[in-house]
Amino acid sequence: MKFITVDTYAELSRKAANIIAAQIISKPYCLLGLATGSTPIGTYDNLTKMYEEGDLDFSTVTSVNLDEYIGLDGSNDQSYRWFMNHHLFDRVNIDKAKTFVPGGTVADLAAEGAAYDARIKELGGIDLQLLGIGLDGHIGFNEPDTFFTGETHVVDLHPSTIEANARFFNDISEVPTKAITMGMAAIMQAKKVLLVANGPKKKEIVEKAFFGPITPEVPASILQLHPDLTIIFSEQE
Ligand code: PGA
């Protein structure tokens, strides 16, 4: 595990973008695992800038996102498909047909999960997985539980997650209570994992996850077993 502490969010974003850019440059036909949430936004801004300056080419990149709210389709501006289009995909030369987000409005969510895992396998597995971390230790939407779940699956969001995500909605009652998320197998099988955590409010959970016991009560703690894990933690928000 490589634990990098930086002072500012700007530095976190620059460093994370440099690591992702290095992945794309060293393996142009790569599969990137991407994340939503407020923390990766600066990373996506930096990647966009590199593209605009002619230093980065996304035309051969394929991506899979971690998760999606149940009940929101891609035209909803709270959906994670919309987030990815808005913060990255519409700003760079990635082929949208090669960007995948789990479907939150499909009738058969179990089949959707199985198909999502099969697709990741067919694509040769994830080269680099970007992750945020929730205040309760979730990665993707793998919430604290009594066991780790391997496959892409449907979850009930924890009250603390719903509360944390309410800031993006008009009212907490609008926050979906369920999501579909990539499970631990695809995340742990990624060749590299890059986790970004921003500011003092994440300090306690970061310490628990990476310097405490490995337990499904703190889902991110499983990453301690990953052979190529980089964490970038910013002291200031
Ligand atoms: P945040 O969310 O980046 O908005 O803090 C992280 C997460 O919940 O995974």
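1. A pocket is found on a 1 Å grid over the protein atoms alone: it is an open set of points with protein on both sides within 12 Å along at least five of seven lines. A molecule sits in a pocket if more than half of its atoms lie within 2 Å of its grid points. By that test, the ligand here sits in the largest pocket.

2. This is a predicted model, where local features need pLDDT of at least 70, side-chain atom pairs count only at pLDDT 80 or more, and totals for chains, interfaces and linings use all residues. Residues are numbered from 1 along each chain as its sequence is written, and side-chain values use heavy atoms, with hydrogens and water left out.

3. Which residues are around the ligand? They are G37, S38, T39, G132, I133, G134, H138, R167 and K202 (a heavy atom within 4 Å counts as near). This shell holds one nonpolar, six polar and two charged residues. Gly counts as polar in this scheme, Ile as nonpolar, and Lys and Arg as charged.

4. Look at the polar contacts (pairs of N or O atoms within 3.5 Å). T39 has a polar side-chain atom 2.5 Å from a ligand oxygen. K202 also places a polar side-chain atom 2.5 Å from an oxygen of the ligand. For R167, a side-chain N or O atom is 3.0 Å from a ligand oxygen. The protein covers 86% of the 280 Å² of accessible area that the ligand has on its own (Shrake-Rupley method, 1.4 Å probe).

5. Now K27. This residue lies in the loop between α1 (9-26) and β2 (31-34). Helices (H or I, at least four residues) and strands (E, at least two) are DSSP runs, numbered from the N terminus. K27 and T60 are 33 residues apart in sequence, and 9.3 Å apart in space, C-alpha to C-alpha.

Technical notes
A polar contact is a pair of N or O atoms within 3.5 Å; within protein, one must be able to donate a hydrogen and the other to accept it, and residues adjacent in sequence count only if both atoms are side-chain atoms. On a 1 Å grid over the protein atoms alone, a cavity is a set of points where a 1.4 Å probe fits but cannot get out, and a pocket is an open set with protein on both sides within 12 Å along at least five of seven lines; lining residues have an atom within 4 Å of a point.
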